[in-house]
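This briefing describes the arrangement of a protein structure for a reader who is new to the subject. Please keep the sequence and the structure in view while reading the points below.

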Amino acid sequence: MGATLACLLLLTSLAFAQVPSASPVPLIASDDSALSTPAESLLAARPDSSGPQAIDSLVVLDSPNDAGGSLDLYWTLSSDDGIESGAFAGYEVLRSASPDGPFAPMVVLGPGTDRFRDRFATVGNRFYYMIRTRSLGGSASDSRIIGPVASRGQWFDTRRVSVLVGLLVVLLMLLATKRLPVDQEWMLPAVRTLSEILGRTHRGSLVFVPGTGGLGDMGTIASVTLLEEITRMPGSEGETADVVVCTSDPLAHVLVVNALPDQDVRYVSPDRPTFSLAFTGEALRSPPALGVVAGALGAEAFLLSEALRRSGAIAVGGTTDVGETPFLVASCDLTLIGEELLLAGPLLSPGGCRAAALVHDRLKVLAWVLILVGVAAAKLGVTWYLRAFSGGGD
Amino acid sequence: MIRRLSRPLVIILGSLAIAQFFVPHQASRWVEARLLDWLVLLESAALVAGILALARRHAARISRGEGPERALAAVTLGAMAFMLATGLALGTGPGSAFGAIYLSVLQPIQASMMSLLGFFMASAVFRSFRLTSAPATILLVSALTVLLARVPLGEHLVPRISMFSTWIIRGPNVAATRGLWIGIGLAACATGFRVILGIQGPTGAKRS
């Protein structure tokens, strides 16, 4: 059922993606035609009858998918634009709060330009626009005045329909995890190795660093989740407590203290080099048997893992930062790369959490199918499919 | 009581954070700004809690510890107290004693620490690039190709090596990175939902 719903949602996403993203806002165009309303001091040249051909169609639309404060102007090029190269100067965009003016020039655009985005159209205000075509000789012609138009914020970013559908697919698959068989044999190799290492390590000699990033980073969340599972797993002598946790981010520290009140949680420093310095000193003075450095990490990842190595400990690294991964791979005995770190906690836990981790495999299959269809679409020139997954990045 | 409240709070605030991504309206921006304000407040309170925990731990070390542990704890607490007093008494603006101590003491110490990266890298590379298996051999050959291509001598020794280097960086490297990103993105999405829904997470989530 989850898969069926996923397919339905995807199809909906694709259907939405074909709808033009810009939603036109009804405009009120002025009845005045070829009205010349120069601003008193700002306009150097006055419109005259000998000027270049005025544009005959100007459309002003509210910019789509924004918080308001922006209007899009479109016009057809003047018939003089491009005919006599060098004589046509360009288009001057003028704006006023009243149809009677004064119209203030906003920008002068070169020949061949047929659009402009006014990013200073304050929400709640109404504006009137006019395009003045200019020649190099100084003559000018005005378009009709368009307005009043006002910008407003939108309640949904239509470019992000595919992202929303993707999220709903993940959500539905997670909610359907109760129907998934909890396959005890399914396990990421790196997580299985970590489980074996943990089973052979006395907890009192385990040091854990839940990254140096904040709670805004998913790596930190995954790391603290992994830490929780580690404290529940029995160690080499059946014990389940006494993990030394060194934290850098204040919020992560409070989170760990609350989640694991029985553990030795040490706040070291919010400053990453200082944290590395203090951790290195601690690791070299009191070498642990096993050190886990996992979470959101920067350049200090290498320093921390090398400190563990030099202290003689087994070093386990994990990060969601692709840039830091090679350093951890080079310096750690075991590295949880990207998704392995994010899935390590659920995979080490029993029951439903573990089943939830299994969803990841199905999501990857779905992603592969979408990618392969995307490759085919790109080859066949099916652009709407590619646009559907553009995600509406700014 | 607080733990009982935390679950609905996580669900509501988590949903708001997700919704904010899809709603460009100014109301959404307003909510986002308020959430960020709360985050700053929470972080400030957490920082105080962290500093208190740090001070308590080092005070305990001084009372119980021996030898270097006690001395190091005393130096840490002394430095904290000194910087706090300097900042409160003389200010923390540009040109202040607080800033001068930071620039002339702490920054050089930090720079020294980070400069170790170069040496650590060299030793890690030496350890990693051993012909112990087929993947290690591929790693070694790829790394040597990229390294050689970056120096003038490389092109002199092996003509057109920069072409192979560029292919490695733009081909297999980019493919692997994108593969990682796809896996991370999907897993991060599922992790976020697991935390918000209380299936699992570091906020006292329910256990199966």
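This is a predicted model: local features need pLDDT of at least 70, side-chain atom pairs count only at pLDDT 80 or more; totals for chains, interfaces and linings use all residues.

How many salt bridges are counted between chain A and chain B? The count is three.

**The contact between chain A and chain B**

- The contact draws 73 residues from chain A and 61 residues from chain B.
- The size of an interface is often given as the accessible area lost when the parts come together.
- Here the two chains bury about 5,800 Å² between them, and 72% of that area lies on carbon and sulfur atoms.
- In one of the salt bridges, B:R57 is joined to A:E282, with 3.8 Å between the closest N and O atoms.
- Polar contacts between chain A and chain B number 11 residue pairs, with both residues at pLDDT 80 or more.
- On the side of chain A that touches chain B, helix α10 (residues 352-380) of chain A supplies the largest share, nine residues.
- That side of chain A is made up of 40 nonpolar, 17 polar and 16 charged residues.

**The six-stranded sheet of chain A**

- Strands of a sheet pair through backbone hydrogen bonds, either parallel or antiparallel.
- In chain A, six strands build an open sheet with parallel pairing, and their order is β11-β10-β9-β12-β13-β14.
- Strands β11 (264-267) and β14 (334-337) of chain A are at the edges and have a single partner strand each, so one side of each has no neighbour in the sheet.
- From one strand to the next, the twist of this sheet averages 15°.
- Four bridges link strand β13 (residues 314-319) of chain A to β14(A) in the parallel sense.
- Within β14(A), A:I337 is the residue that A:T319 stands opposite.

- Helix α5 (residues 250-259) of chain A lies across β10 (243-247) and β11 of chain A, and runs at about 165° to β11(A).
- Helix α9 (residues 339-348) of chain A also packs on the sheet, where it touches β12 (290-295), β13 and β14 of chain A.
- The direction of helix α9 of chain A makes about 95° with that of β14(A).

**The three-stranded sheet of chain A**

- Another open sheet in chain A has three strands in the order β1-β2-β5, and its pairing is antiparallel.
- Its edge strands are β1 (58-62) and β5 (115-118) of chain A, each of which pairs on one side only.
- The twist in this sheet averages 20° from one strand to the next.
- Five bridges join β1(A) to strand β2 (residues 71-75) of chain A in the antiparallel sense.
- Opposite A:L61 stands A:D72 in β2(A).

**A salt bridge within a helix**

- Over all chains, a search of the whole structure finds 21 salt bridges.
- One of these is formed by the side chains of A:E229 and A:R232, at 3.7 Å from N to O.
- Both A:E229 and A:R232 belong to helix α4 (residues 218-232) of chain A, where they are three residues apart, about one turn of the helix.

Technical notes: Residues are numbered from 1 along each chain as its sequence is written. Chains are lettered from A and ligands numbered from 1 in the order in which they are written. Side-chain values use heavy atoms; hydrogens and water are left out. Contact means heavy atoms within 4.5 Å. Buried area is the accessible area (1.4 Å probe) that two parts lose on being put together, summed over both. A salt bridge is a side-chain nitrogen of Lys or Arg within 4 Å of a carboxyl oxygen of Asp or Glu. A polar contact is a pair of N or O atoms within 3.5 Å; within protein, one must be able to donate a hydrogen and the other to accept it, and residues adjacent in sequence count only if both atoms are side-chain atoms. Helices (H or I, at least four residues) and strands (E, at least two) are DSSP runs, numbered from the N terminus. Ala, Val, Leu, Ile, Met, Phe, Trp, Tyr, Cys and Pro count as nonpolar, Asp, Glu, Lys and Arg as charged, and the others, Gly among them, as polar. Two strands pair if DSSP finds at least two bridges between them. Axes are lines fitted to C-alpha atoms, for helices over the stretch in contact, and angles run from 0 to 180 degrees between N-to-C directions.
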